[in-house]
Amino acid sequence: MTTKSVLERATTNTELDGVAADIGLLIIRVAFGGLMAVHGAQKLFGWFKGPGSEANAAGFDSMGYNPGKVFGNLAGLCELGGGLLLALGLLTPLAAAIVLGTMINAINALWSLGLFGENTYEMPLLFAVVAAGFAFTGPGKFSLDHGRPWAQRGFAVGAAAIVLAVIAAVITLILKWVI
């Protein structure tokens with residue numbers, strides 16, 4: 001066995017190499033979307049050791065999002081719905097925009113606490129970055145979007161999702177400051 005034969009075998013393309021990126025997107029999408037959905041379920045229903053709707057509303061009131069019940073439930077629904085859509089790979093650019101817009105508001109609410117430490121904006125920033133990535137890459141082959149007429153990805157779609165997320169986040173912040 002020579003060095004060349006080892007290298008040739010290491011770089012041999014198999015049928016699975018053609019779907020490796022899609023498998024990677026599936027793993028990241030399901031884990032990320034599932035975690036985002038869990039955060040929403042914590043806020044809305046108190047599942048997974050979460051605060052539930054009433055405590056969540058009080059928390060949003062204390063952060064200046066008044067009425068806390070409206071803003072808290074909206075955040076929970078966006079996290080739950082956006083997370084489930086991402087996990088399924090359904091309406092992916094819209095799901096990414098929903099999650100990103102929600103995380104922009106979470107970053108804003110936690111900004112004064114800094115990037116690192118307890119209850120900081122580190123996790124919302126990480127979630128925002130992953131959501132923005134999915135806006136551009138799409139969900140991959142192993143998704144409910146794959147092969148559907150509405151399935152879109154690429155620079156223009158990703159940029160549109162980012163713009164939609166920023167607009168929604170800014171409108172929410174304006175309502176927070178005005179109401």
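This is a predicted model: local features need pLDDT of at least 70, side-chain atom pairs count only at pLDDT 80 or more; totals for chains, interfaces and linings use all residues.
A residue counts as exposed when its relative accessible area is over 50%, as buried when that area is under 20%, and as partly exposed in between. By this rule Phe 155 is exposed, because its relative accessible area is 67%.

**Arg 29**

- Arg 29 belongs to helix α2, which covers residues 20-45.
- Although Arg 29 is buried, it has no salt bridge. Asp 22 is the nearest side chain of opposite charge, at a distance of 7.6 Å. A salt bridge requires the nitrogen and the carboxyl oxygen to be within 4 Å.
- The side chain of Arg 29 does reach backbone oxygens. The backbone oxygen of Ala 87 is 3.3 Å away, and a polar atom of the Arg 29 side chain lies 2.8 Å from the backbone oxygen of Phe 142.
- Beyond its neighbours within four places in sequence, Arg 29 is in contact with several residues, among them Leu 86, Gly 89, Phe 134, Pro 139 and Ser 143.

**Nonpolar cores**

- The largest nonpolar core has 21 residues, of which Phe 32, Met 36, Leu 86, Val 99, Leu 100 and Met 103 touch the most other members.
- Helices α2, α4 (68-88), α5 (92-110), α6 (122-137) and α7 (155-178) each give two or more residues to this core. The largest share, 7 residues, comes from α5.
- Leaving out residues up to four places away in sequence, Val 99 touches Phe 32, Met 36, Gly 82, Gly 83, Leu 86, Phe 127 and Ala 131.

**Aromatic pairs**

- There are 7 aromatic pairs in the structure.
- In one of them, the ring centres of Phe 32 and Phe 127 are 5.3 Å apart and the planes meet at 85°, so the pair is edge-to-face; the cut-off for this class is over 60 degrees.
- Because Phe 32 lies in helix α2 and Phe 127 in helix α6, this pair ties together parts that are 95 residues apart in sequence. Both Phe 32 and Phe 127 are buried.
- Phe 136 and Phe 155 form a tilted pair, with 6.0 Å from centre to centre and 40° between the planes. Phe 136 is in helix α6 and Phe 155 in helix α7, 19 residues apart.
- Phe 136 is partly exposed, because its relative accessible area is 31%, whereas Phe 155 is exposed.
- One aromatic cluster is formed by Phe 32, Phe 127 and Phe 134.

Key:
Residues are numbered from 1 along each chain as its sequence is written. Side-chain values use heavy atoms; hydrogens and water are left out. Helices (H or I, at least four residues) and strands (E, at least two) are DSSP runs, numbered from the N terminus. Buried means under 20% relative accessible area, exposed over 50%, partly exposed in between (1.4 Å probe, protein chains only). Lys and Arg count as positive and Asp and Glu as negative; His and the chain ends are not counted. A polar contact is a pair of N or O atoms within 3.5 Å; within protein, one must be able to donate a hydrogen and the other to accept it, and residues adjacent in sequence count only if both atoms are side-chain atoms. Contact means heavy atoms within 4.5 Å. A nonpolar core is a set of buried Ala, Val, Leu, Ile, Met, Phe, Trp, Tyr and Cys residues joined through side-chain atoms within 4.5 Å. Rings of Phe, Tyr and Trp (its six-membered ring) pair if their centres lie within 6.5 Å; planes under 30 degrees apart count as stacked, over 60 as edge-to-face and the rest as tilted.
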